[in-house]
Amino acid sequence: MTHEPRLMRELRDLIAGRRVAALGTLDAADPAQPFVSMVPYAVWPGGPALVVHLSGLAAHTRNLQVQPRASLLVMAAETPGEPVHALPRVSLDVVADTPGRDSAGWQAARHAYLARFPEAEPMTTLGDFRFVLLRPTGARQVAGFGAARSVDGDELARVLGA
């Protein structure tokens with residue numbers, strides 16, 4: 001059995017343990033204007049990526065079509081009585097990729113997403129929705145007050161691949 005560093009384990013637990021994230025994109029009409037929205041996500045089994053299911057009518061989807069580079073914030077829940085400044089969190093630098101409908105990638109993304117959100121199955125049949133893979137290229141992890149570090153793509157691949 002190989003040793004897994006504490007911060008790597010905490011990062012894996014954070015990503016696996018949360019179900020929603022804040023997705024930051026650049027506005028398609030004004031690339032200098034950031035736009036943040038909430039997205040449910042699942043871990044994609046086909047490689048180091050997270051899966052989101054987005055409507056083509058949503059601003060973040062249009063934004064990703066113009067500029068596929070984005071940021072995704074995953075954060076632990078607040079605990080009453082605990083300082084919010086120490087909340088574990090990770091900001092992932094991601095590149096969006098949309099697999100073609102009914103392709104092997106689309107099927108794997110659908111399977112991963114519905115394993116986590118079975119109630120979303122009816123939405124997967126709507127024509128304006130698509131699965132988007134958010135492939136991380138780097139990250140900034142804050143594991144608590146005074147415990148911050150940069151995470152490279154190779155480590156993220158290990159975290160998401162296990």
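How many bridges pair strand E5 with E6, and in which sense? Strand E5 (residues 69-75) pairs with E6 over seven bridges, in the antiparallel sense.

## Basis of the model

The model is predicted: local features need pLDDT of at least 70, side-chain atom pairs count only at pLDDT 80 or more, and totals for chains, interfaces and linings use all residues. Residues are numbered from 1 along each chain as its sequence is written, and side-chain values use heavy atoms, with hydrogens and water left out.

## Strand E6 and its neighbours

Strands (E, at least two residues) and helices (H or I, at least four) are DSSP runs, numbered from the N terminus. Two strands count as paired if DSSP finds at least two bridges between them. E6 pairs with E5, where Leu-73 stands opposite Ser-91 of E6. E6 also pairs with strand E7 (residues 129-142), in the antiparallel sense and over nine bridges. There, Val-95 has Arg-135 of E7 as its bridge partner.

Side chains alternate along E6 (residues 89-97). Val-90, Leu-92, Val-94 and Ala-96 point to one face and are buried. Buried means under 20% relative accessible area, exposed means over 50%, and partly exposed lies in between (1.4 Å probe, protein chains only).

## Salt bridges between elements

Side chains of opposite charge can pair when their charged atoms come close. The cut-off for a salt bridge is a side-chain nitrogen of Lys or Arg within 4 Å of a carboxyl oxygen of Asp or Glu.

Arg-110 forms a salt bridge with Glu-121, with the closest N and O atoms 3.1 Å apart. Arg-110 sits in helix H3 (residues 104-116) and Glu-121 in the loop between H3 and E7, so the pair ties together parts 11 residues apart in sequence. Arg-110 is partly exposed at 23% relative accessible area. Glu-121 is partly exposed too, at 34%.

Arg-149 and Glu-155 form another salt bridge, their closest N and O atoms being 2.7 Å apart. Are these two residues buried or exposed? Arg-149 is buried, and so is Glu-155.
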